[in-house]
Each structure stands twice: as C-alpha cells, then as structure tokens.
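Here are my notes for anyone opening this one up for the first time. Have the viewer ready and go through the points in order.

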Amino acid sequence: MISQIFILSSKGDHLIYKDFRGEASKDSINVFYEMVTALSGDQPPVVMTHKDHHFIHVRQGGLYWVASTKTNPSPFTIIEFLNRLAALTKDYCGSLSEKSVRMNFALIYELLDEMVDFGYIQTTSTDILKNFIQTEAVSSKPFSLFDLSNVGLFGAETQQSKVAPSVAASRPIMSSRGEQGGKNEIFVDVIERLSVVIGSNGVLMKADIQGEIRIKCFLPTCSEMRIGLNEELNIGKSQLKGYSSAVRVDECRFHQAVKLDEFDNFRILKVCPSQGEQTVMQYQLCDELPCAPPFQLFPSVEKDYVNRVLIFLKLRCDLPPKSTALNVSITVPVPKGSVSMSQELSSPDQTAELQPKSKALLWEIPRFPGGAQLSALFKVDVPGLSSASLLEVGPVSMSFELPKQTCTGLQIRFLRLSPTQTGLSQRWVRYVTHSDSYTIRI
Amino acid sequence: MEWASQLCENRGLGSKMTDSKYFTTTKKGEIFELKAELNSDKKEKKKEAVKKVIASMTVGKDVSALFPDVVNCMQTDNLELKKLVYLYLMNYAKSQPDMAIMAVNTFVKDCEDPNPLIRALAVRTMGCIRVDKITEYLCEPLRKCLKDEDPYVRKTAAVCVAKLHDINAQLVEDQGFLDTLKDLISDSNPMVVANAVAALSEIAESHPNSNLLDLNPQTINKLLTALNECTEWGQIFILDCLANYTPRDDRESQSICERVTPRLSHANSAVVLSAVKVLMKFMEMLPKDLDYYGTLLKKLAPPLVTLLSAEPELQYVALRNINLIVQKRPEILKHEMKVFFVKYNDPIYVKLEKLDIMIRLASQANIAQVLAELKEYATEVDVDFVRKAVRAIGRCAIKVEQSAERCVSTLLDLIQTKVNYVVQEAIVVIKDIFRKYPNKYESVIATLCENLDSLDEPEARAAMIWIVGEYAERIDNADELLESFLEGFHDESTQVQLQLLTAIVKLFLKKPTETQELVQQVLSLATQDSDNPDLRDRGYIYWRLLSTDPVAAKEVVLAEKPLISEETDLIEPTLLEELICHIGTLASVYHKPPSAFVEGSRGVQHRRIPPRAGSVESAESPDVGQSGSSEAPPAVIPSQGDLLGDLLNLDLAPPTSTVPSVQPSMQMGAMDLLGGGLDSLLGGDIGGSPSMGAGLGAAPTVMPAALGGAPAVGGGLGDLFDLGGGVGMPTGFYVVPKTMWLPAMKAKGLEISGTFARRGGIIQMDMSLTNKAMSVMTDFAIQFNRNSFGMAPAGPLQVLTPLSPNQTIDVSLPLSTNGPVMKMEPLNNLQVAVKNNIDVFYFSCQFPLSLLFVEDGKMERQVFLATWKDIPNDNEAQFQIKDVHLNSDAASNKLQGSNIFTIAKRTVEGQDMLYQSIKLTNSIWVLAEMRVQTGNPNYTLSIKCRAPEVCQFVYQCYEMVLKN
C-alpha cells in the first residue's frame, strides 16, 4: 500500500505532496532527497530504506516521482504506477517539466485523488478518469507555429524533426477550451530497440529486438480503430520458416483494451483508443535477425612505437542504399594510461575525442548512408605500454538510430477509423529503430 | 518561483490564469488578504483563493489559521471548488479536530447528494480525516454508501471501511461493516470486488487468526471471474489474495492455474509478477508427472524473459525475483541463458545480478557459451564486475566438472594479463578448484608462484599461502616463499596469519629436516607476540601436538579434507520458500522475509508453500519417498564462521536416508560421528582451520556406552514414573511451560521447544520437535556439551518414525547426571546439539536448578544446626520473594513437592521462620531460612551453601515454585 506520494524537482523542491494513510510524516521527503542524492552509481537506486520506511522512485522529465510505503508492496506495481502517473501528467498538462507540474498542481492533486485511495491504486485509465476530473489543464507554452519545427517523435526522444509536423509532444489532450491545435490527429509509432553482440570473428553472437506499437490519440471521440499488421506475421518459434519474407516475432503482449478477434486470421488489432498515449502491443524477437546487422566493424589494433597504440577502424553500414542511420556514435575503450590521441577521419562532419574519464575514445558520425563505408585511424599515446594493455582495447559499443526502419520488418498495412470521422482526421504512422546495446568485440 | 509567473506574463499570458502564480512568495499580511478573498462573494475569486491556500500548503507553509474560512467555502455546488476544499480539510483536520466537526454536517449532507461523484467524494474525504470524533458521524453515511446503487460510490465506500478500521477497529466490528464488506466480494461490478478484496486483505492481516477472508471454492470462483473483467490494478489485488489460498487438492490447484495463466501476457509487469507468484505457489501442489506441469513450466519462461526488456530499475527488481525462481525451479529458465548475458550499457547492479543468475543456470549443456562470455567480462573496465566475473569462472569449474579444465586454462590466461585485481581474484578461485579436484591441476602452481609479489589483498594472500602449504612437497622453495611472508607477520590480517601458521606447520610435517627453525619462529610469533586469542590458541594446539606426538599431529594436520560444496550463496530453504510466497514484493528485492523490515503485526505471518499433494498420504510408496529426498534442501555454503557445522554436515548426511523407518544401527553410526564432531568443537578454538576435518576422525567417546542401555525400556520407564509422579504427590514438581529453544529459521525448518521435569527421581527433558520444512526429517540424535552438573542423555532420542512436514512429535529424554563436568556460564546453561538427516544444529537452554534437588534431601536437625554455623557468613545470600499469598504451611508443602524440605519451624513475634535443606545431585547441600510474616506477601530468604554460586539459582527455584 502506498503511504505517500510526492513529486520533487531535481533540486529537491516540493512540487506535490500527498499523504494517503497518515502513517508517516512530511519529513520523509527530506530524508528521501538526502538519500537519493547521496546514492553512488553502483547501488541499485530503485528501492531505498530508511528505518521502516521504504522509498520507491522513478525519474521522469527531470523530476523525482516518489512513493513511500511501510508495508511489503510490490515494487513493480509502484514503479508501473509512478510511470503511469508521469505519463498521465504529461497527457493532461501537455509536457513534463517542473514548470508544468507547478502550474497544474490542482489538477495533479485531483488526479491523484482519483487514482489512489488509502494507498490502493484505483485506476490509471484516461477514459475513466476523464469522467471525474474537473480542473482545466494549463498549458505551459502558448501554441505557436514556430514550435512545429523542433518537435520530435513523442515516443522516442530523437532529434529527427521532419518526420511528422505535429505538436503531439507538447499539447494537453484534454483541453476543451482554447481550440489551439485541436486537430483530429492520431499517431501510431512502431519503435524497435536492437541489441546485438558481434564476436571478434565477425559472427553474430546474440541479437534481440524489443519492439512496441504506441499510439497517441487526440480524437475527442473514437469508437474503434483497426490497425492492420503484416498479414504474414508469425508468432512463436514456429517450424514453418518457409520460403518468403515472413515476418516473425517470438512473443507479443497487448494492452488490455485491444480486441484480438481478428488478429489470428487477419492480423488486425482492434482498439478503442482512449485519449493520450498508450502502448497497444509489445513484442520481441530473440536470437535472430531477419536482416543483416546494420553495422559491421573491421578493427585492427597494433602497437606502433614504444608508447603508442594504433587503432584502425573500418565501419560499414549494411542498410539498404536509400536508408540512412543518424547520430551514429562509436565508443572504444582504450588502455588505462592513455594520455592523448590524434586521429584521421574521412569527412569534416565527423568528430572524435578521447574521454579521459571513461578511458574511451568516442567517434561520432551524424549521418551514415546505407551501403557506405567509413574508416578512421586513431593514434593513442599510452606511457608505459605493455602487451597486456592492448587487451584493454575493446569491446566497441555503438549507438545510433534508424528512422523509417524496423528490423523485424513489422509494418502497418492500414489504419482505419470507424465510424469514419466527420471532419478532417489525420493519421500518422512512424517507424524508428534504436540501438539498445550494440557491441562488437575485438 | 516568481520567474515562472514572469515568464508567463512575458509570453502574453497575463490575461490567462495559470496556477503558477499561487507560488509567488508570501508577504506580510498575506493570510489576511487570503481571508478576505475566501469570504468574497464571487465564486471564481473564492476558487482562486483556495488554490493559493493549497499551493502554500504544498510548499510547507502553515495556513491552518484559515481553517474556518476554507470550511465556509465547502457548501458549494461547484465540484472543482468542493474538491479543493476537501483537499485542504484532509491536511489540516487532524491538527484542528474541533474545527473539523464544523464540516461534518456538510459531509453528511453530501453523502445524500443526487450526484454520485459528490457522494463518493464525501465518503472518501471523511475517511481520510483521521479524527476520532468524526468517526461516529461517519457510520450512518458509510452504511448507506456501501449499499449505494452506483458502483463508483460502493467501491469508494469499500476502501473507506479499511480507513475506518485503521482508526477504530472496534467500531468497524461493532457496526457490522465487515460482513457488508464480505458481501461486496459477490458484487456485480469487478472494481467493487477488487476494492473489497484489497480492504479485507489488509484488515485480515491485523487479525491473523480471524477467517475474514474466508476463501472457499465458491469465493475463489467469484474472484477468478472478476479477475477477467477488472482493471489491471484490481487484478493485482485479486491475484495477491489468491496467492494466500491453499487449494484442497491438485485438481483445484490446476484449474486455478489454468485461469490465472492468461495474465502472464498482460502488458503491466506488476500483473505478470503477481500471476507468477500464484503459479509458483500452486505448482508445488501439482504432481510432477502431470502433462500440465510441464506446460506450465514452459509458459512461465517467456513473461520472465520479457521483464528484462524494461528499464534498468525494473530489470533489477525482475532479476532479484528471477534469482529466487531460478533457485527454486531452475528448469523454467534453463534454455534462456542468453538473455542473462550482460549488455555493455547495463548499470553495474544489473550486471552483477545477471552474472549471479548465469552461474546458477550454468550446466554442461551451455558451459562453453557461458565461459566465452565470462572471459569477455573479465577484460571489462569496471573492477567489481571483473572480479565477480573471474570468481564466476571458478564457480563454473566447481559446478560443472567437465568444464574444469577449460576454466583453469581460462584463469591462467587471465593471470597472464598481470592486471593486479584479476590475478588476485583468480588465485582465490584456483584454491577452491584445488580443493574440489585434488591432484589434478597442480601443474599450474609454478605460474601462480610467479605472481606472489603482486598480491596485496588478504584473501588472495591467504589463498596463495594455503596453496603453498598444501603442496609444499611439490614446491622446491616452499620454505623460502613462506619465510618471505613471515617477515611482515604482524602487519598481516588475521586471516593471513592463521593461514601462514597452518601452512608452515604443514610444511614442517612434510619436510621436517630443513624447516625446524621456521616452525619454531612462527609458533613463537603466534603464541608469544600476538594478542589475538584465535591465533594464540591455534599456535598452542600445534605446539603441543608437535611436541607430544608428531605422528598424531601429522594425522590431524594433514588429514584428508572434506569436499567443498558446489553451489554457493544459496538462500536457506525455509527462507526461500517464504520468499517464493512473496514474489514481486519488496521482500523479494531485499531477499529478506517481510517480518525483517515491516513494523508491527502487519505482514508478519510466515507464508508457506502448500505441501505437494499425495506426499503425505502415500508415504509408503517408494516413488514418493524418492521424490521427497530429491526435494531435500541442498547443502548451504561454507561461510567462514560456520565451517565447522558445514564440515559435519557434509560428512554426516547419510546419502541413502530415504528408508522411512530408522534402523538403530544407522542411528548409532551417526551418533558416533556426532560425538566426535562435538568433542572437537569443545577441544579448542580451531574452527575455520582446514585441519578441522581431523576432528571427525577422532575416536568415538562416551556415546556408544550411553546407547547401550535398551532404548525402548528407557522411554517406557519414564512414562511409568510420569504416571506415578502425577498421582502420588499432591504437589508435584513444578514444570515450566515449554519454551522455544530452536526456531525453525535457524535450523533449516526444524523447530524445537521444550522444558525439563523431575519425575520420580528421574530428570527428563521434554521436547516438541516440529518439522516446518518441506522434506521429511529422519535420523534424529542428540548430544550435550559438558555442563556444570554433568547432565547427559541417559538414552537415545526416541524419534522412531520419520518426521513429515508440518508434523510435531513429543519426546521425553531421560537424563543422567554422571556425564563430564565443566562449569558453564550461567551455571544452569546447557548446550545441546541435535542432528537429523539435514544438518547438525546447536542451541542452548537453561534448566531450573530444582531439577537437581534429590529426594533424600532432608537433613537431620542437629546436622543442620552444625552445618549452618560451619558455613562462613560470607557465603550467606539474602533475597526477597515478593507477592506470595500463601501461609507458611502451604508454602512449605509446596516446596516439598520440589524436594525442598522444611526441617523446623519457629514462630517469633508473628513471624514464621522456616529452616529448610536441599541436596543437589552432586551432593552439595544448600541450607535456607525463610521468614514469613502473616499478612505480608513478601518473604525473606537467606541461603547458605559451601558453593555460594548456586544460591542465586536456588532462589530462582523458590520464586518459581512459590508463584506457580
């Protein structure tokens, strides 16, 4: 049972404080803040204990969302709840920041009152909540056309801007007055996270894909939406790996509101989206990549002079030629004693630097077209170099994003709203793949 | 905070009201201003004012002075304003209880409002006002709301019962709210059901014995139906409640499992984990050969794997839970090794947990893959992680024999890197590998010796010294190596010093000619220059051994060592079972039972997994017996301090103990070992030394003799006397009620409570043994440490049938007083070792001295007088016995029942003086004078004895006998 809920700014200011059970004092906020700021990096941060008081917190939007308890509740329940609370706050207030929380404190108190009673979680569904909530949201930013240019994909924090001209990320869903941007829009995002380990011999050792389909809905009323996925989508480790380009996932989970009666035969998800953001389907694929891994690295590490290591990296992007990878960054751990580095890069928009703190060199490439191959040479000075310290080079880790790409090949065939909306309704479908953990061993 | 409002104005928002301006700093007279605004006629203005008040409240300012003004705003039809006022009330009502009464009328009125939102709001808020006076007004509205037509009101009222119960439990019971709440379990609305279940579960926890949540198949069925319809949070309440239910048979258990399984694919990980908890618990009841059991195992894996795709915080929580599940049922995840491979960007706490699980899942089938990964990890940057990875390689070698060779060569590769902490960690694990596979990998010793200089951590130094000592005959310059360590002997940690002492003694026994000087040096360093008692004691033992009988010394010091166990860091089985019942909760993250961190009675009940169906009824079928033995808890880990217990455990556990009836010969064999082990425990403080194993080889001591007495007769005789004692004497020996001697938590599920009695001149130890573990216990035996009065078991422990789970057996053990004597502190302390097929457990208890008062303790009057004078006055002790409401005759009668004999009585000035004598089993006489004044409940007792240390305990006996 949740005893208290509070929201703190990153500086520890009290933004929201609500006591549900009267069994703890308000001092616990300060106790929590002291504990969380004293936490060192290698301690698990989720659950903290002070005497018989347990704090569970998440960080979102630069704020601490904290629940405290004196009993033995499920940390999953509380973490899930805090994440939902943050998501709802974002839905209701438009964005998630210290300022928007401050401005809408009355609304958030009202939400909390309906969501939790005596520490029991009641509901987190916008559909139910909208029946009870009286307070109007106050948008922290006036709507302006200029803002359109720097709005990202709401589901994934990317810098990629031109995908959909939308104010999705910073608009309260519930505003009834002030018809600002009151467009009938619905967004469907397919987001995949890729984690890959490639052995030193170039063999793919492990590949996992975690994917999800998220929708954000601004339609005031929407009775039913049908999302059509690839017809040849296979689920489970089936033996029929047959001939063609069948798309396969190991396992999938659906939002409670998704109706699956047409899923088995036609791969159609039926959902009545409530306003706001929700994940309708999560899926994963383990140990198999339907396509080649997007990057291959050909490294060579040599001892040059007495105190210098030569690292030559050749990186090839195996995406189709029309696609591009963005924000590619490559991190190579270097020997502990490294003091300085010089580099030869193939184009001026790339950068590379030695990061003495993490003992690694970081090579960044803003755009990397499919089929291209880039190479770079790094000379690292290491006083007192021994043959053993060459072993400290590697493994290489990469991060990147692939817009308009899904590695599983999952596609959305169609998006139908029924009954057909009167007036203009805009439907957006977006795809993106992120690197979750992409490791290449040397 | 002003910046926020400025910002808004700058953006041309001046006209639009925003909440942030309420945070503008308070100035003087602000309260006054707010007061005026609150009393304004305009609704909008009022609302703004209340918002300002609440804003101040949030940042911690005291706005309680505005209480009456805010309450005045309460009567409004504007819902938004009403909610704000209620928010204020909840916060300040407690500090202003008298004022809060002002609000009651409005609450009561609101509970009748046609709008269900307002009805629910009123009843919810009233419950949150934790003021006693309000509760009486709350009852009637609450009763109505519990039967409201609107489910939203009903679900709010259900929670309100729990709130009220928290404030005034008696009231809730008197008003019959609990029954209404029970009825709500059958409500048509799933949300109401969920809240009723949640409220009842919480109330039930504070009444552990009530059957509030009367779970029977019908209610379970209702809950399962509601499960499909209610919100995700309601599903969690219901699943948690289901987890407390114990199905009647395996069929019911299977049908519940079938209906819970669909929850495993829920998107909310909290629902998934609660479902996993229910399944893990109920699975225990399913027969393992059932097809469905296998299906269920397969279904559990994917949701657990999916949990690992969450953010690191949730991953960590998930991993802690998976760690438990893997220990309980490794088969669930045995094919999923790859998902536990670490990612470079995992936080360190996630990496360490994953590593732990990897080792638990390592098997012959996947060892190659695991080793390749571990080798990669060992070259990473993070020191802690690297260390653990190296250690993990060693654990793999010990766990999977086929891989040992590869593990050793991997470790050697790592030693070649010369990275300091890698080398040290590798040497520590290689020592364990040597112990597990003796005489197999000694060829690597040369490589190890090259790295001697780089070792700076005590554990690594100790490991290296152990290796040198153990293999001294193969290392040509062993004496030089050890000598080099000896130079800085005093700067070393205790661990290293002890190890060095033992290693040099080993070396001396192997190569006596060249190392005489060295051994003398180390012995004198240990015995004369050290002030560490452990080191000194061990030094003296070696010294005496070497000087009296070098052959015996060789047998002791170079004895064969017991094998080390494969699994390390396993959670103790009873704790594991309890934790499995708490999957998904904080307990599973801390790996501690909830009673360890939750205050008060809440959640303190220990939960148990229900026993597997059939294992009790059909105990005679050999099949089940087998499965019982495979369930036997694995041996748990030599942590340094417990080494002795562990060594005993390893050798004692008879490998084929599944035969249900215990044969006497077998019991005897086990006894011998126990006797030897215990003696070695008493022999001196050498626990933790590798030479400890020698203790096991020692010749059996007194025990066989004691066993010689016909066991059956002993017990029967005791019973006879028991009967005689009960009938013959009106005021018999007072027996203290049984107290807990050994809690189940400390003894792998065996719980012992007991007391002592003297019946017809025979001392008996009455014990109740309870099996709280999952597996059958057999082969019980008992042994005492030497004690002050030479008490020893006069026969074996009569537990002839195996003790099945949850069974309790009462045994009476006759005791003799001619065992070995050693003075204990306190005098009446008795240290006991009990052995069963699982382990040996030690506990100590204290017996009342009256146990030792013999029947012929009545002294001649003259002798009494002479003795009293003869004992010096220094030996006299005086005590007060308070609050005894007996006259002197009754008291003397009562005392006689416990063999305290009154020899003479004298009455002086209304004061009775009683002169009494007692004789102990070891023929010590105790004389006493008791003064009893009529009308005064306080007695004065003077005790004289040649051994004055017993006086205190004699007094305790008086106190005990007279007051009971």
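**Notes on a two-chain model**

1. Let's begin with chain A, which has 6 helices and 25 strands. Keep in mind throughout that we're looking at a predicted model. Of the 442 residues in chain A, 59% count as buried. The chain exposes about 17,400 Å², and 52% of that comes from carbon and sulfur atoms.

2. How do the contacts in chain A run along the sequence? Take those between residues at least 6 apart in sequence: 69% of them join residues at least 24 apart.

3. Now pick out Ser68(A), which sits in strand β5 (residues 63–69) of chain A. Is Ser68(A) buried or exposed? Its relative accessible area is 0%, so Ser68(A) is buried. Its side chain makes a polar contact of 3.2 Å with the side chain of His53(A). Setting aside neighbours within four places in sequence, Ser68(A) is in contact with Met1(A), Ile2(A), Ser3(A) and Gln4(A), and also with His53(A), His54(A) and Phe55(A).

4. Two loop residues of chain A are worth a look for their backbone angles. Phe118(A) isn't a glycine, yet its phi is positive, about 55 degrees. You'll find Phe118(A) in the loop between β6 (116–117) and β7 (120–121) of chain A. Lys404(A) is another residue other than glycine with a positive phi, near 60 degrees, and Lys404(A) is in the loop between β23 (396–403) and β24 (412–418) of chain A.

5. Which of these two residues is buried, and which is exposed? Phe118(A) has a relative accessible area of 2%, so it counts as buried. For Lys404(A) the value is 69%, which means that Lys404(A) is exposed.

6. On to where the chains meet. Chain B puts 94 residues into the contact and chain A puts in 83 residues. About 8,000 Å² is buried between chain B and chain A, with carbon and sulfur atoms giving 57% of that area.

7. What about charged and polar pairs across the interface? The count between chain B and chain A is 9 salt bridges. One of them pairs Glu376(B) with Arg441(A), where the closest N and O atoms are 3.5 Å apart. As for where the side of chain B that touches chain A comes from, the largest share, 7 residues, belongs to helix α9 (residues 151–167) of chain B. Sorted by class, that side of chain B has 51 nonpolar, 21 polar and 22 charged residues.

8. Staying with chain B, look at helix α40 (residues 888–897), where Ser888(B), Ala891(B), Ser892(B), Leu895(B) and Gly897(B) are buried. What covers these buried residues of α40(B)? The cover includes the strands β10 (901–908), β11 (911–919), β12 (925–933) and β13 (939–945), along with helix α41 (951–963), of chain B. For the spacing, remember that an α-helix has 3.6 residues a turn, so residues three or four places apart point the same way. After α40(B) comes Asn899(B), with a positive phi near 65 degrees.

9. Next is Glu470(B), a charged residue in helix α25 (residues 458–470) of chain B. Buried means under 20% relative accessible area. Glu470(B) is at 14%, so it counts as buried. Not counting residues up to four places away in sequence, Glu470(B) touches Lys506(B), Lys510(B) and Lys561(B).

10. Ser186(B) is in the loop between α11 (177–184) and α12 (190–206) of chain B. At 42% relative accessibility, Ser186(B) counts as partly exposed. Ser186(B) is 33 residues from Thr219(B) in sequence, while in space the two are 7.9 Å apart, C-alpha to C-alpha.

11. Last, a peptide bond to check in the viewer: the one from Glu825(B) to Pro826(B) is cis, with omega near -5 degrees. Where does Pro826(B) lie? It is in the loop between β6 (808–816) and β7 (829–835) of chain B.

Key. Residues numbered from 1 in each chain as written. Chains lettered and ligands numbered in written order. Predicted model: local features only at pLDDT ≥ 70, side-chain atom pairs only at ≥ 80, totals over all residues. Heavy atoms only, no water. Contact = heavy atoms within 4.5 Å. Buried area = accessible area lost by both parts, 1.4 Å probe. Salt bridge = Lys/Arg side-chain N within 4 Å of Asp/Glu carboxyl O. Helix = DSSP H or I, 4+ residues; strand = E, 2+ residues; numbered from the N terminus. Buried < 20%, exposed > 50% of the residue type's maximum accessible area, 1.4 Å probe, protein only. Areas by Shrake-Rupley, 256 points an atom, 1.4 Å probe, with all protein chains shown as cover. Polar contact = N/O pair within 3.5 Å; in protein donor to acceptor, adjacent residues only side chain to side chain.
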